Amino acid sequence: MFETLRAWRWHAWALAFTASFAAPFSVADQVPSAVRHIVLVHGAFADGSSWSPVIDILLRQGYHVTAVQNPLTSLADDAAATRRVLERQNEDVILVGHSWGGVVVTEVGQAAHVKGLVYLSALVPDIGESAAGMLSRLGAPIQGMAPDKDGLVWLDDPVAYRRMMAGDVSEPQARRLAATQQPIAVRAFSDKVTAAPWRTRPSWYLVTENDKALPPGVQHALAQHIGATTVTLKSSHLSWMSQPHAVASLIEQAAQAAERSLRTAP
C-alpha cells in the first residue's frame with residue numbers, strides 16, 4: 001500500500017513538474033490559424049527598436065517577431081540585411097515595411113516563404129523604378145532633404161521630427177525618437193527595385209490620414225496601384241508608435257488571411 005502511495009505521489013509530482021515547464025511555451029497556441037513569423041522592416045529616421053510597441057503586442061499573441069536593423073546606406077545594403085533575417089525564418093513569413101522600408105520589402109519580398117506583404121505609409125515603387133522616381137510620377141517629388149558632406153540626410157531636430165513624423169506622439173517620446181534616429185543615404189532614393197512581389201502575393205496597405213511625411217493621397221494611389229487591401233487610420237507617419245494596437249491588428253489580419261489562402265490553395 002505504501003509503495004502504491006509513493007508511486008502515485010511520484011506520478012502526480014512528475015505531471016506537475018512537466019506542466020510547469022510546458023506552460024510558458026503554450027503562448028503560441030493563442031494564435032488562431034495564422035502565419036506565425038513576422039519580419040518588420042523600418043524606414044528612414046528610425047531603427048529596429050522603434051517597433052517595440054508593436055513587437056510587445058505580437059509577442060503576447062504568440063507570434064515569432066524579428067525586426068531588421070537596416071543600415072539605410074543603400075537599397076542593396078538594406079535588402080541584404082533583410083534577406084539575412086528572412087533566411088533565419090524556418091516557417092512562412094509576413095513581411096512588413098514602413099515608409100522607406102516599403103521599398104526594401106518590395107525588393108526582397110519574392111522570397112519563397114514570404115506569404116504576405118504589409119505596407120505601412122510605405123513607398124512602393126514598381127519594377128525598374130526608384131523611390132524618387134515613383135514620388136515624381138505621383139506629383140510628390142522629394143524636397144528639403146539636404147544631405148551632409150557624407151551624403152546622409154538627418155532628422156535629429158526634435159521639433160522638426162515631431163512636426164514631420166510624429167504629430168500624435170507625446171513630446172518626450174518624439175524627443176527620444178529624434179535622439180535615436182538613423183540617417184539615410186540620399187542616394188538610396190535613386191536606387192531602383194528589381195521586383196514587384198505584390199503582383200503575386202496578397203498585400204495590405206495602411207494609409208495614415210494625418211501624415212505630414214508622405215501625403216495620404218500618394219498612399220491611396222500606391223495602395224490602389226498594387227491592389228492592396230486598404231485600411232485608413234487617423235495617424236501621423238509613425239502609426240506603429242502612436243497606435244500600435246491598430247497596426248498589430250492589421251498585421252494579425254494579414255497573417256490569418258495568408259494562412260487561409262495557403263490552406264485553400266490547390
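Residues are numbered from 1 along each chain as its sequence is written. Local features need pLDDT of at least 70, side-chain atom pairs count only at pLDDT 80 or more, totals for chains, interfaces and linings use all residues, and side-chain values use heavy atoms, with hydrogens and water left out.

The chain has a mean pLDDT (the predictor's confidence in each residue, from 0 to 100) of 89, and 87% of its residues reach 70 or more. Residues 1–29 have pLDDT below 50, and this stretch makes seven contacts (heavy atoms within 4.5 Å) beyond near neighbours in sequence. Where pLDDT is low, the predicted coordinates should not be read in detail.

Helices (H or I, at least four residues) and strands (E, at least two) are DSSP runs, numbered from the N terminus; two strands pair if DSSP finds at least two bridges between them. An open sheet is formed by six strands in the order β2-β1-β3-β4-β7-β8, with parallel pairing. Strands β2 (64–68) and β8 (229–233) are at the edges, each pairing on one side only. On average, neighbouring strands of the sheet are turned by 20 degrees against each other, direction ignored. Strand β7 (residues 203–208) runs parallel to β8 and is joined to it by five bridges; Thr208 has Leu233 in β8 as its bridge partner.

Angles run from 0 to 180 degrees between N-to-C directions, with axes fitted to C-alpha atoms, for helices over the stretch in contact. Helix α4 (residues 101–108) packs on the sheet and touches β1 (37–41), β3 (93–98) and β4 (114–120), making about 145 degrees with the direction of β3. Helix α10 (residues 244–264) lies across β1, β3, β4, β7 and β8, at about 155 degrees to β4.The largest pocket (open set of 1 Å grid points fitting a 1.4 Å probe, with protein on both sides within 12 Å along at least five of seven lines) holds about 580 Å³ of space, filled by probe spheres set on the points.

Conventions
On a 1 Å grid over the protein atoms alone, a cavity is a set of points where a 1.4 Å probe fits but cannot get out, and a pocket is an open set with protein on both sides within 12 Å along at least five of seven lines; lining residues have an atom within 4 Å of a point.
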